[in-house]
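Here is a walk through one structure, taken site by site. Keep the sequence and the 3D view open while reading.

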Amino acid sequence: MILVTGGAGFIGANFVLDWLQIHSEPIINLDKLTYAGNLHNLASVMNGAGHHFVQGDIGDSSLVKELLAKHRPRAIVNFAAESHVDRSIHGPEDFIQTNVVGTFHLLAATREYWESLTGTEKTAFRFLHVSTDEVYGSLNANDPPFTETTPYAPNSPYSASKAASDHLVRAWHHTYGLPVLTTNCSNNYGPWQFPEKLIPLMILNALKGEPLPIYGDGLNVRDWLYVGDHCSAIRTVLENGTPGEVYNIGGWNEKTNLEVVHTLCTILDQACPSSAPHANLIQHIRDRAGHDRRYAIDARKIERELGWRPQESFETGIRKTVDWYLNNQDWINNILSGDYRQWVSRHYGSAA
Ligand code: NAD
Ligand code: DAU
(Lines give C-alpha, C1' and ligand atoms only; values in the text may rest on other atoms or scores of the structure.)
(Ligands and ions follow the chains in the order given, each with its own letter.)
Protein backbone atom coordinates (compact mmCIF):
# COMPACT_ATOMS: atom_id res chain seq x y z
CA MET A 1 0.00 0.00 0.00
CA ILE A 2 0.95 3.65 -0.17
CA LEU A 3 0.67 6.42 2.44
CA VAL A 4 -0.76 9.72 1.20
CA THR A 5 -0.62 12.83 3.38
CA GLY A 6 -3.07 15.72 2.93
CA GLY A 7 -5.41 13.45 1.00
CA ALA A 8 -8.55 15.28 2.14
CA GLY A 9 -7.49 18.53 0.45
CA PHE A 10 -8.01 19.55 -3.14
CA ILE A 11 -5.19 17.78 -5.01
CA GLY A 12 -4.76 15.00 -2.44
CA ALA A 13 -8.45 14.02 -2.65
CA ASN A 14 -8.35 14.03 -6.46
CA PHE A 15 -5.24 11.84 -6.26
CA VAL A 16 -6.86 9.37 -3.84
CA LEU A 17 -10.06 9.13 -5.91
CA ASP A 18 -8.17 8.66 -9.18
CA TRP A 19 -5.78 6.14 -7.63
CA LEU A 20 -8.58 3.96 -6.29
CA GLN A 21 -10.26 3.97 -9.72
CA ILE A 22 -7.07 2.75 -11.39
CA HIS A 23 -5.26 0.59 -8.80
CA SER A 24 -6.27 -2.16 -6.45
CA GLU A 25 -3.43 -1.10 -4.12
CA PRO A 26 -4.86 0.46 -0.92
CA ILE A 27 -4.14 3.94 0.46
CA ILE A 28 -3.59 5.14 4.01
CA ASN A 29 -4.66 8.77 4.03
CA LEU A 30 -3.14 10.88 6.84
CA ASP A 31 -4.73 14.33 7.04
CA LYS A 32 -5.01 16.81 9.89
CA LEU A 33 -8.35 18.14 8.56
CA THR A 34 -7.51 21.83 8.72
CA TYR A 35 -10.06 24.24 7.21
CA ALA A 36 -8.84 22.97 3.78
CA GLY A 37 -9.34 19.28 4.51
CA ASN A 38 -12.82 18.00 3.77
CA LEU A 39 -14.02 14.44 4.13
CA HIS A 40 -16.93 15.20 1.79
CA ASN A 41 -14.32 15.18 -0.99
CA LEU A 42 -13.77 11.50 -0.21
CA ALA A 43 -17.39 10.49 0.37
CA SER A 44 -17.40 7.93 -2.44
CA VAL A 45 -14.44 5.99 -0.97
CA MET A 46 -14.84 6.56 2.79
CA ASN A 47 -16.36 3.14 3.41
CA GLY A 48 -14.32 1.26 0.82
CA ALA A 49 -11.73 -1.36 1.72
CA GLY A 50 -9.04 0.39 -0.34
CA HIS A 51 -9.07 3.63 1.66
CA HIS A 52 -8.06 3.93 5.29
CA PHE A 53 -8.40 7.48 6.67
CA VAL A 54 -6.44 8.66 9.72
CA GLN A 55 -6.87 12.14 11.15
CA GLY A 56 -3.47 13.41 12.27
CA ASP A 57 -0.52 15.72 11.74
CA ILE A 58 2.54 14.94 9.59
CA GLY A 59 4.51 16.54 12.43
CA ASP A 60 3.27 13.96 14.95
CA SER A 61 6.29 11.63 14.84
CA SER A 62 4.87 8.93 17.07
CA LEU A 63 1.68 8.67 15.01
CA VAL A 64 3.61 8.58 11.72
CA LYS A 65 6.05 5.96 13.06
CA GLU A 66 3.13 3.84 14.26
CA LEU A 67 1.41 4.06 10.85
CA LEU A 68 4.60 3.16 9.01
CA ALA A 69 5.34 0.19 11.28
CA LYS A 70 1.78 -1.10 11.07
CA HIS A 71 1.06 -0.66 7.35
CA ARG A 72 4.56 -0.89 5.84
CA PRO A 73 3.84 1.32 2.79
CA ARG A 74 6.00 0.98 -0.30
CA ALA A 75 5.75 4.73 -0.90
CA ILE A 76 4.72 8.03 0.68
CA VAL A 77 3.21 10.88 -1.34
CA ASN A 78 3.35 14.11 0.66
CA PHE A 79 0.62 16.59 -0.27
CA ALA A 80 0.05 17.90 3.27
CA ALA A 81 0.73 21.62 3.49
CA GLU A 82 -0.71 25.01 4.17
CA SER A 83 -1.27 26.09 0.57
CA HIS A 84 -2.83 29.57 0.24
CA VAL A 85 -0.50 32.51 -0.43
CA ASP A 86 -2.93 35.14 0.96
CA ARG A 87 -3.31 33.22 4.23
CA SER A 88 0.49 33.01 4.48
CA ILE A 89 0.64 36.80 4.27
CA HIS A 90 -1.92 37.22 7.08
CA GLY A 91 -0.43 34.45 9.27
CA PRO A 92 2.86 32.79 8.26
CA GLU A 93 3.32 30.71 11.41
CA ASP A 94 1.12 27.75 10.42
CA PHE A 95 3.07 27.59 7.14
CA ILE A 96 6.39 27.27 8.94
CA GLN A 97 4.93 24.72 11.34
CA THR A 98 3.41 22.37 8.75
CA ASN A 99 5.46 22.98 5.62
CA VAL A 100 8.88 23.18 7.28
CA VAL A 101 8.72 21.56 10.74
CA GLY A 102 6.05 19.06 9.71
CA THR A 103 8.01 17.98 6.62
CA PHE A 104 11.14 17.62 8.77
CA HIS A 105 9.36 15.29 11.22
CA LEU A 106 7.82 13.31 8.36
CA LEU A 107 11.24 12.89 6.72
CA ALA A 108 12.86 11.84 10.00
CA ALA A 109 10.20 9.20 10.66
CA THR A 110 10.36 8.02 7.05
CA ARG A 111 14.14 7.67 7.19
CA GLU A 112 13.93 5.54 10.34
CA TYR A 113 11.33 3.30 8.68
CA TRP A 114 13.23 3.08 5.37
CA GLU A 115 16.47 2.17 7.16
CA SER A 116 14.65 -0.71 8.86
CA LEU A 117 13.66 -2.19 5.47
CA THR A 118 15.73 -4.77 3.61
CA GLY A 119 16.02 -6.19 0.09
CA THR A 120 13.57 -5.05 -2.58
CA GLU A 121 11.29 -3.44 0.04
CA LYS A 122 14.15 -1.02 0.70
CA THR A 123 15.30 -0.48 -2.87
CA ALA A 124 11.76 -0.01 -4.23
CA PHE A 125 10.67 2.47 -1.51
CA ARG A 126 9.94 6.06 -2.61
CA PHE A 127 9.14 9.36 -0.84
CA LEU A 128 7.44 11.74 -3.28
CA HIS A 129 7.26 15.37 -2.19
CA VAL A 130 4.65 17.53 -3.94
CA SER A 131 5.89 21.08 -4.34
CA THR A 132 5.22 24.20 -6.34
CA ASP A 133 6.61 26.37 -9.13
CA GLU A 134 6.40 29.35 -6.73
CA VAL A 135 9.74 28.34 -5.19
CA TYR A 136 11.45 29.67 -8.35
CA GLY A 137 10.16 33.23 -7.79
CA SER A 138 8.70 35.58 -10.38
CA LEU A 139 9.37 35.88 -14.15
CA ASN A 140 9.28 38.92 -16.40
CA ALA A 141 7.18 38.77 -19.56
CA ASN A 142 10.00 37.60 -21.85
CA ASP A 143 11.91 35.33 -19.44
CA PRO A 144 12.13 31.63 -20.33
CA PRO A 145 9.93 29.35 -18.19
CA PHE A 146 11.21 27.69 -15.00
CA THR A 147 13.32 24.56 -15.49
CA GLU A 148 14.42 22.13 -12.78
CA THR A 149 17.72 24.04 -12.51
CA THR A 150 16.25 27.54 -12.14
CA PRO A 151 17.66 28.97 -8.87
CA TYR A 152 15.21 29.14 -5.98
CA ALA A 153 13.93 32.67 -5.22
CA PRO A 154 10.73 32.35 -3.17
CA ASN A 155 8.90 35.61 -2.48
CA SER A 156 5.97 34.82 -0.16
CA PRO A 157 5.92 33.18 3.26
CA TYR A 158 4.12 30.26 1.54
CA SER A 159 6.70 29.79 -1.20
CA ALA A 160 9.58 30.27 1.26
CA SER A 161 8.15 27.52 3.45
CA LYS A 162 7.73 25.21 0.44
CA ALA A 163 11.28 26.01 -0.71
CA ALA A 164 12.55 25.10 2.77
CA SER A 165 10.69 21.80 2.61
CA ASP A 166 12.16 21.04 -0.84
CA HIS A 167 15.65 21.69 0.53
CA LEU A 168 15.04 19.32 3.44
CA VAL A 169 13.84 16.60 1.05
CA ARG A 170 16.94 17.12 -1.13
CA ALA A 171 19.21 16.94 1.92
CA TRP A 172 17.61 13.70 3.15
CA HIS A 173 18.52 12.15 -0.20
CA HIS A 174 22.01 13.61 -0.42
CA THR A 175 23.00 12.89 3.18
CA TYR A 176 21.04 9.76 4.12
CA GLY A 177 20.29 8.27 0.70
CA LEU A 178 16.50 8.38 1.21
CA PRO A 179 14.97 7.66 -2.24
CA VAL A 180 13.07 10.90 -2.73
CA LEU A 181 11.31 12.42 -5.74
CA THR A 182 10.27 16.09 -5.87
CA THR A 183 7.65 17.54 -8.20
CA ASN A 184 7.21 21.29 -8.74
CA CYS A 185 3.89 22.06 -10.26
CA SER A 186 1.98 25.07 -11.59
CA ASN A 187 -1.52 26.28 -10.62
CA ASN A 188 -4.03 23.45 -10.42
CA TYR A 189 -7.76 23.78 -11.02
CA GLY A 190 -10.66 21.35 -11.10
CA PRO A 191 -13.24 19.67 -8.83
CA TRP A 192 -13.08 19.95 -5.02
CA GLN A 193 -10.87 23.06 -4.93
CA PHE A 194 -11.52 25.18 -1.84
CA PRO A 195 -13.04 28.51 -2.96
CA GLU A 196 -10.29 30.70 -1.53
CA LYS A 197 -8.31 30.11 -4.77
CA LEU A 198 -8.90 32.19 -7.91
CA ILE A 199 -11.01 29.88 -10.10
CA PRO A 200 -13.51 28.45 -7.58
CA LEU A 201 -13.76 31.83 -5.81
CA MET A 202 -14.74 33.52 -9.09
CA ILE A 203 -17.24 30.79 -10.01
CA LEU A 204 -18.96 30.93 -6.62
CA ASN A 205 -19.00 34.73 -6.44
CA ALA A 206 -20.38 34.98 -9.99
CA LEU A 207 -23.15 32.49 -9.17
CA LYS A 208 -24.08 34.58 -6.11
CA GLY A 209 -23.96 37.84 -8.12
CA GLU A 210 -21.12 39.10 -5.91
CA PRO A 211 -18.04 41.11 -7.02
CA LEU A 212 -15.18 39.27 -8.77
CA PRO A 213 -12.13 40.68 -6.96
CA ILE A 214 -9.10 41.05 -9.25
CA TYR A 215 -5.87 42.01 -7.50
CA GLY A 216 -4.13 45.02 -9.08
CA ASP A 217 -4.25 45.23 -12.88
CA GLY A 218 -5.15 41.55 -13.36
CA LEU A 219 -2.22 41.02 -15.74
CA ASN A 220 -0.31 38.58 -13.51
CA VAL A 221 0.28 35.35 -15.39
CA ARG A 222 -0.10 31.79 -14.12
CA ASP A 223 0.25 28.43 -15.89
CA TRP A 224 -2.92 26.38 -15.38
CA LEU A 225 -2.93 22.60 -15.02
CA TYR A 226 -6.06 20.47 -14.73
CA VAL A 227 -5.85 18.54 -11.45
CA GLY A 228 -6.44 15.16 -13.12
CA ASP A 229 -3.35 15.77 -15.25
CA HIS A 230 -1.35 16.63 -12.13
CA CYS A 231 -2.46 13.37 -10.51
CA SER A 232 -1.40 11.35 -13.58
CA ALA A 233 1.99 13.11 -13.56
CA ILE A 234 2.51 12.21 -9.90
CA ARG A 235 1.65 8.57 -10.58
CA THR A 236 4.14 8.60 -13.47
CA VAL A 237 6.94 10.10 -11.37
CA LEU A 238 6.20 7.71 -8.50
CA GLU A 239 6.51 4.66 -10.73
CA ASN A 240 9.28 5.70 -13.11
CA GLY A 241 11.07 8.75 -11.67
CA THR A 242 14.73 8.52 -10.68
CA PRO A 243 15.39 8.96 -6.93
CA GLY A 244 16.96 12.32 -6.12
CA GLU A 245 15.52 13.92 -9.27
CA VAL A 246 13.17 16.90 -9.54
CA TYR A 247 10.38 17.04 -12.15
CA ASN A 248 8.55 20.22 -13.16
CA ILE A 249 4.89 19.67 -14.02
CA GLY A 250 2.91 22.22 -16.04
CA GLY A 251 -0.07 22.59 -18.32
CA TRP A 252 1.47 24.69 -21.13
CA ASN A 253 -1.41 27.12 -20.45
CA GLU A 254 -0.13 30.58 -19.51
CA LYS A 255 -2.99 33.03 -18.92
CA THR A 256 -3.42 36.40 -17.27
CA ASN A 257 -5.86 36.46 -14.38
CA LEU A 258 -8.17 38.68 -16.44
CA GLU A 259 -8.16 36.12 -19.28
CA VAL A 260 -9.09 33.37 -16.82
CA VAL A 261 -11.91 35.38 -15.24
CA HIS A 262 -13.32 36.52 -18.62
CA THR A 263 -13.32 32.88 -19.81
CA LEU A 264 -15.24 31.87 -16.68
CA CYS A 265 -17.72 34.72 -17.22
CA THR A 266 -18.34 33.64 -20.83
CA ILE A 267 -19.02 30.03 -19.79
CA LEU A 268 -21.32 31.18 -16.99
CA ASP A 269 -23.16 33.54 -19.37
CA GLN A 270 -24.04 30.46 -21.47
CA ALA A 271 -24.95 28.32 -18.45
CA CYS A 272 -26.89 31.03 -16.57
CA PRO A 273 -28.06 33.57 -19.20
CA SER A 274 -30.49 35.26 -16.80
CA SER A 275 -27.58 36.72 -14.80
CA ALA A 276 -25.37 37.59 -17.81
CA PRO A 277 -23.09 39.41 -18.40
CA HIS A 278 -21.11 38.14 -15.42
CA ALA A 279 -18.11 40.24 -16.46
CA ASN A 280 -19.98 43.27 -15.09
CA LEU A 281 -19.13 41.89 -11.63
CA ILE A 282 -15.35 42.30 -12.14
CA GLN A 283 -13.79 44.72 -9.64
CA HIS A 284 -10.12 45.61 -9.39
CA ILE A 285 -9.01 45.72 -5.76
CA ARG A 286 -5.79 46.37 -3.85
CA ASP A 287 -2.93 44.19 -5.10
CA ARG A 288 -1.59 41.21 -3.13
CA ALA A 289 1.54 42.18 -1.13
CA GLY A 290 4.64 40.95 -2.98
CA HIS A 291 2.45 39.62 -5.82
CA ASP A 292 4.57 37.50 -8.20
CA ARG A 293 4.08 38.75 -11.77
CA ARG A 294 4.44 35.59 -13.80
CA TYR A 295 4.98 31.85 -13.38
CA ALA A 296 5.65 29.54 -16.33
CA ILE A 297 6.80 25.94 -16.36
CA ASP A 298 9.10 24.19 -18.79
CA ALA A 299 7.70 20.65 -18.51
CA ARG A 300 9.96 19.10 -21.16
CA LYS A 301 12.01 16.97 -18.73
CA ILE A 302 9.05 14.90 -17.52
CA GLU A 303 7.90 14.48 -21.13
CA ARG A 304 11.36 13.53 -22.42
CA GLU A 305 12.33 11.19 -19.57
CA LEU A 306 9.00 9.77 -18.43
CA GLY A 307 6.70 10.29 -21.42
CA TRP A 308 4.14 12.43 -19.54
CA ARG A 309 2.19 15.29 -21.14
CA PRO A 310 -1.04 16.93 -19.96
CA GLN A 311 -4.15 15.63 -21.70
CA GLU A 312 -6.51 18.50 -20.92
CA SER A 313 -6.44 21.87 -22.69
CA PHE A 314 -7.45 24.93 -20.66
CA GLU A 315 -10.63 25.20 -22.73
CA THR A 316 -11.76 21.62 -21.95
CA GLY A 317 -10.57 21.63 -18.33
CA ILE A 318 -12.23 24.90 -17.42
CA ARG A 319 -15.58 23.78 -18.85
CA LYS A 320 -15.40 20.53 -16.85
CA THR A 321 -14.57 22.56 -13.76
CA VAL A 322 -17.47 25.01 -14.12
CA ASP A 323 -19.84 22.08 -14.77
CA TRP A 324 -18.61 20.36 -11.63
CA TYR A 325 -19.32 23.43 -9.46
CA LEU A 326 -22.75 23.91 -11.11
CA ASN A 327 -23.62 20.28 -10.35
CA ASN A 328 -22.31 20.07 -6.78
CA GLN A 329 -24.35 22.60 -4.85
CA ASP A 330 -24.40 20.41 -1.70
CA TRP A 331 -20.60 20.39 -1.58
CA ILE A 332 -20.59 24.17 -2.03
CA ASN A 333 -23.19 24.70 0.72
CA ASN A 334 -21.10 22.61 3.05
CA ILE A 335 -17.98 24.67 2.30
CA LEU A 336 -19.67 28.04 2.81
CA SER A 337 -19.53 27.68 6.58
CA GLY A 338 -18.85 30.34 9.19
CA ASP A 339 -15.10 29.76 8.88
CA TYR A 340 -15.16 30.49 5.16
CA ARG A 341 -17.28 33.61 5.60
CA GLN A 342 -14.87 34.87 8.27
CA TRP A 343 -11.93 34.43 5.88
CA VAL A 344 -13.75 36.30 3.09
CA SER A 345 -14.70 39.22 5.32
CA ARG A 346 -11.23 39.38 6.91
CA HIS A 347 -9.35 39.25 3.61
CA TYR A 348 -11.62 41.13 1.19
CA GLY A 349 -13.44 43.35 3.72
CA SER A 350 -11.04 46.29 3.49
CA ALA A 351 -9.36 45.61 0.15
CA ALA A 352 -11.73 47.35 -2.29
P1 NAD B 1 -5.11 22.15 0.17
O2 NAD B 1 -4.88 23.34 1.04
O3 NAD B 1 -6.39 22.05 -0.61
O4 NAD B 1 -5.02 20.81 1.05
C5 NAD B 1 -4.02 20.60 1.98
C6 NAD B 1 -4.41 19.38 2.82
O7 NAD B 1 -3.35 19.14 3.76
C8 NAD B 1 -5.70 19.56 3.62
O9 NAD B 1 -6.49 18.43 3.53
C10 NAD B 1 -5.21 19.76 5.05
O11 NAD B 1 -6.13 19.32 6.03
C12 NAD B 1 -3.94 18.92 5.05
N13 NAD B 1 -2.96 19.35 6.06
C14 NAD B 1 -2.55 20.61 6.34
N15 NAD B 1 -1.65 20.60 7.34
C16 NAD B 1 -1.46 19.29 7.68
C17 NAD B 1 -0.63 18.63 8.62
N18 NAD B 1 0.17 19.31 9.43
N19 NAD B 1 -0.68 17.28 8.68
C20 NAD B 1 -1.52 16.57 7.87
N21 NAD B 1 -2.34 17.15 6.97
C22 NAD B 1 -2.30 18.49 6.87
O23 NAD B 1 -3.86 22.07 -0.78
P24 NAD B 1 -3.75 21.60 -2.31
O25 NAD B 1 -4.09 22.74 -3.18
O26 NAD B 1 -4.48 20.32 -2.45
O27 NAD B 1 -2.18 21.37 -2.41
C28 NAD B 1 -1.60 20.10 -2.08
C29 NAD B 1 -0.10 20.19 -2.21
O30 NAD B 1 0.23 20.58 -3.54
C31 NAD B 1 0.54 21.24 -1.31
O32 NAD B 1 1.75 20.74 -0.85
C33 NAD B 1 0.77 22.44 -2.22
O34 NAD B 1 1.87 23.20 -1.79
C35 NAD B 1 1.06 21.74 -3.53
N36 NAD B 1 0.71 22.49 -4.75
C37 NAD B 1 -0.53 23.01 -4.92
C38 NAD B 1 -0.85 23.66 -6.11
C39 NAD B 1 -2.22 24.23 -6.36
O40 NAD B 1 -2.41 24.91 -7.37
N41 NAD B 1 -3.21 24.01 -5.51
C42 NAD B 1 0.11 23.79 -7.10
C43 NAD B 1 1.39 23.25 -6.88
C44 NAD B 1 1.67 22.58 -5.70
O1 DAU C 1 1.77 28.15 -8.71
C2 DAU C 1 1.34 27.11 -7.86
C3 DAU C 1 0.59 27.70 -6.69
O4 DAU C 1 -0.66 28.12 -7.20
C5 DAU C 1 0.41 26.73 -5.54
O6 DAU C 1 1.66 26.41 -5.00
C7 DAU C 1 -0.48 27.34 -4.45
O8 DAU C 1 -0.73 26.39 -3.44
C9 DAU C 1 -1.78 27.77 -5.08
O10 DAU C 1 -2.58 28.43 -4.12
C11 DAU C 1 -1.53 28.71 -6.27
O12 DAU C 1 -1.00 29.99 -5.83
P13 DAU C 1 -1.49 31.36 -6.49
O14 DAU C 1 -1.24 32.45 -5.53
O15 DAU C 1 -0.97 31.51 -7.87
O16 DAU C 1 -3.07 31.02 -6.61
P17 DAU C 1 -4.39 31.87 -6.28
O18 DAU C 1 -5.54 31.08 -6.78
O19 DAU C 1 -4.42 32.34 -4.88
O20 DAU C 1 -4.20 33.14 -7.21
C21 DAU C 1 -4.03 33.00 -8.63
C22 DAU C 1 -3.85 34.39 -9.20
O23 DAU C 1 -5.08 35.11 -9.04
C24 DAU C 1 -2.80 35.22 -8.47
O25 DAU C 1 -2.11 36.05 -9.41
C26 DAU C 1 -3.60 36.08 -7.51
C27 DAU C 1 -4.90 36.30 -8.27
N28 DAU C 1 -6.10 36.47 -7.42
C29 DAU C 1 -6.36 35.52 -6.48
C30 DAU C 1 -7.46 35.65 -5.66
C31 DAU C 1 -7.76 34.61 -4.59
C32 DAU C 1 -6.94 37.55 -7.62
O33 DAU C 1 -6.70 38.41 -8.49
N34 DAU C 1 -8.03 37.68 -6.82
C35 DAU C 1 -8.32 36.77 -5.82
O36 DAU C 1 -9.32 36.97 -5.10
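Which element gives the largest share of the shell around ligand 1? The strand is β5, and its share is three residues. This is a predicted model, and everything below is computed from it.

In total, 28 residues surround ligand 1, and the closest are I11, D31, S83, Y158 and K162. Several elements take part: α1 (10-22), β5 (126-132), α6 (157-176) and β7 (187-189) each supply at least two residues of this shell. Sorted by class, the shell around ligand 1 holds twelve nonpolar, twelve polar and four charged residues.

Some of the contacts to ligand 1 can be given atom by atom. The backbone of G9 places a polar atom 2.9 Å from an oxygen atom of ligand 1. A polar backbone atom of I11 lies 2.8 Å from an oxygen atom of the ligand. D57 makes its contact through the side chain, where a polar atom is 2.9 Å from a nitrogen atom of ligand 1. Of the 830 Å² that ligand 1 exposes when taken alone, the protein buries 97%.

Helix α1, one of the elements supplying the shell around ligand 1, also contains G12. Is G12 buried or exposed? The relative accessibility of G12 is 2%, and because buried means under 20%, G12 counts as buried. For a sense of distance, G12 and T149 are separated by 137 residues in sequence and by 26 Å in space, C-alpha to C-alpha.

Next comes ligand 2. Around ligand 2 there are 25 residues, the closest being T132, D133, Y158, R288 and Y348. A polar atom in the side chain of Y158 is 2.6 Å from an oxygen atom of ligand 2. The side chain of R288 has an N or O atom 2.6 Å from an oxygen atom of ligand 2. L198 contributes through its backbone, with a polar atom 2.8 Å from an oxygen atom of the ligand. On its own, ligand 2 has 690 Å² of accessible area, and the protein covers 95% of this.

Which elements supply at least two residues each to the shell around ligand 2? They are α3 (85-90), α7 (198-208) and β8 (212-215). Strand β8 gives the most, with three residues. By class, the shell around ligand 2 divides into ten nonpolar, eight polar and seven charged residues.

The last stop is T321, placed in helix α11 (residues 314-326). Its relative accessible area is 0%, and therefore T321 is buried. The side chain of T321 reaches the backbone oxygen of G317 at 2.7 Å.

Methods:
Residues numbered from 1 in each chain as written. Chains lettered and ligands numbered in written order. Predicted model: local features only at pLDDT ≥ 70, side-chain atom pairs only at ≥ 80, totals over all residues. Heavy atoms only, no water. Near = heavy atom within 4 Å. Polar contact = N/O pair within 3.5 Å; in protein donor to acceptor, adjacent residues only side chain to side chain. Areas by Shrake-Rupley, 256 points an atom, 1.4 Å probe, with all protein chains shown as cover. Helix = DSSP H or I, 4+ residues; strand = E, 2+ residues; numbered from the N terminus. Nonpolar A, V, L, I, M, F, W, Y, C, P; charged D, E, K, R; others polar. Buried < 20%, exposed > 50% of the residue type's maximum accessible area, 1.4 Å probe, protein only.
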